[in-house]
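Biologist: I would like to learn how to read a structure of this kind, one feature at a time. Could we look at it together?

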Amino acid sequence: MKHLGVIGEPGKKSLSPVFQQAAIDALGLDLVYEAWPTPPEALRARVTGLRAPDVLGANVTIPHKEAVIPLLDEVDALSRRVGAVNTILNRGGRLSGSNTDVEGFLRALREDAAFEPAGCRAVIAGAGGAARAVVVALLDAGATSISVIARTPARAERLLGDVGRDATASLSAPGDSLDAWREAVASADLLVNCTPLGTSGTADEGRSPVPAEVIRPEMLVYDLVYRPAETALLRQARACGARTLGGLPMLVYQGAASFKTWTGRDAPVAVMRAAAEGVLRGEEGR
Ligand code: NAP
């Protein structure tokens, strides 16, 4: 039996072990997928451990997606552009890194919301790792304009400077004020939350990153947060008649792409999604 696992922050409960194991079991593979909580000071040793013959690979999540890059033998071009790796494959002791968040984000947008990003005008809340993957995804998919609004505007400017250097799309980082939101959203057809605001079990539960009055019914509002299924932002959006998409489909699709990287097999996404939804329903029922 070979091992897979998710390398993340101790104390943060990842859904990946549940839905990845459900996929493994559905295909009858001789694999076990585990949680590998890892504090920053133990990351190097954890990554060294991935070179063992009985380890097939790993997922990497907050807060290690950037820090893991220099510890790998090779990192693909997309991960370099995003500046983050979320999937590691062990091939005979050599570790290669890739990023499946970009694919997961776009697949959910197209398949679950029937939204084609080519030519779209997008507004992104937040400028961290997830926002970097989302901006790269939207640029590659042909978005016409992208505004990144973050409480630390310098981080948004740095993000656009890093990933948007050769872009033909119009890019802006206008700062987190009501006027900036009004102006950015006035012509937008897609709004994506890439901050953790609204996550259940945190001090920001029930908070939305977006002033409610700027949401327009013509927009698709996409929240990367998946706990709870309906965040404050999605509630606001639904109330004003906008279409909504939560973060769970992206989570499942990035996991499905990782699964394919490790096993070469198409992941049973319906099985994965049902397993993840089962956990979330249980948590919300508590
Ligand atoms: P990150 O790198 O820590 O970035 C978080 C961003 O949100 C930063 O711009 C940060 O601003 C901002 N932020 C944090 N707290 C805030 C607050 N109270 N008010 C306003 N802005 C705030 O995190 P990440 O990796 O990008 O992840 C962001 C969220 O996306 C998380 O909830 C994560 O679970 C979710 N996510 C979901 C998926 C999925 O598959 N559905 C995939 C990836 C990430 P500062 O720079 O000023 O701190």
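The dialogue that follows takes up a helix, a single residue and the ligand in turn.

Modeller: Please keep in mind from the start that this is a predicted model.

Biologist: Which residues of helix 6 are buried, and where do they lie around the axis?

Modeller: The general idea comes first: an α-helix has 3.6 residues a turn, so residues three or four places apart point the same way. In this structure, helix 6 spans residues 153–163, and its buried residues are Ala 156, Leu 159, Leu 160 and Val 163. These residues cover an arc of only 90° around the axis, which puts them on the same side of helix 6. There they pack against helix 3, helix 5, strand 8 and strand 9.

Biologist: Is Gln 20 buried or exposed, and which residues is Gln 20 in contact with?

Modeller: A residue counts as buried when its relative accessible area is under 20%. Gln 20, which lies in helix 1, has a value of 0% and is therefore buried. Beyond its neighbours within four places in sequence, its contacts include Tyr 33, Asn 59, Phe 259 and Trp 262. Gly 255 is also in contact with Gln 20, and the backbone oxygen of Gly 255 lies 3.1 Å from a polar atom of the Gln 20 side chain.

Biologist: Which residues come nearest to the ligand?

Modeller: Among the 22 residues around the ligand, the nearest are Ala 127, Ala 130, Thr 152, Arg 155 and Leu 197. A polar side-chain atom of Thr 152 is 2.4 Å from an oxygen atom of the ligand, and the protein covers 80% of the 930 Å² of accessible area that the ligand has on its own.

Definitions and conventions
Residues are numbered from 1 along each chain as its sequence is written. This is a predicted model: local features need pLDDT of at least 70, side-chain atom pairs count only at pLDDT 80 or more; totals for chains, interfaces and linings use all residues. Side-chain values use heavy atoms; hydrogens and water are left out. Buried means under 20% relative accessible area, exposed over 50%, partly exposed in between (1.4 Å probe, protein chains only). Helices (H or I, at least four residues) and strands (E, at least two) are DSSP runs, numbered from the N terminus. The arc is that of the directions from the helix axis to the C-beta atoms. Contact means heavy atoms within 4.5 Å. A polar contact is a pair of N or O atoms within 3.5 Å; within protein, one must be able to donate a hydrogen and the other to accept it, and residues adjacent in sequence count only if both atoms are side-chain atoms. A residue is near a molecule or strand if one of its heavy atoms lies within 4 Å of it. Accessible areas come from the Shrake-Rupley method with a 1.4 Å probe; for residues, only the protein chains shown count as cover.
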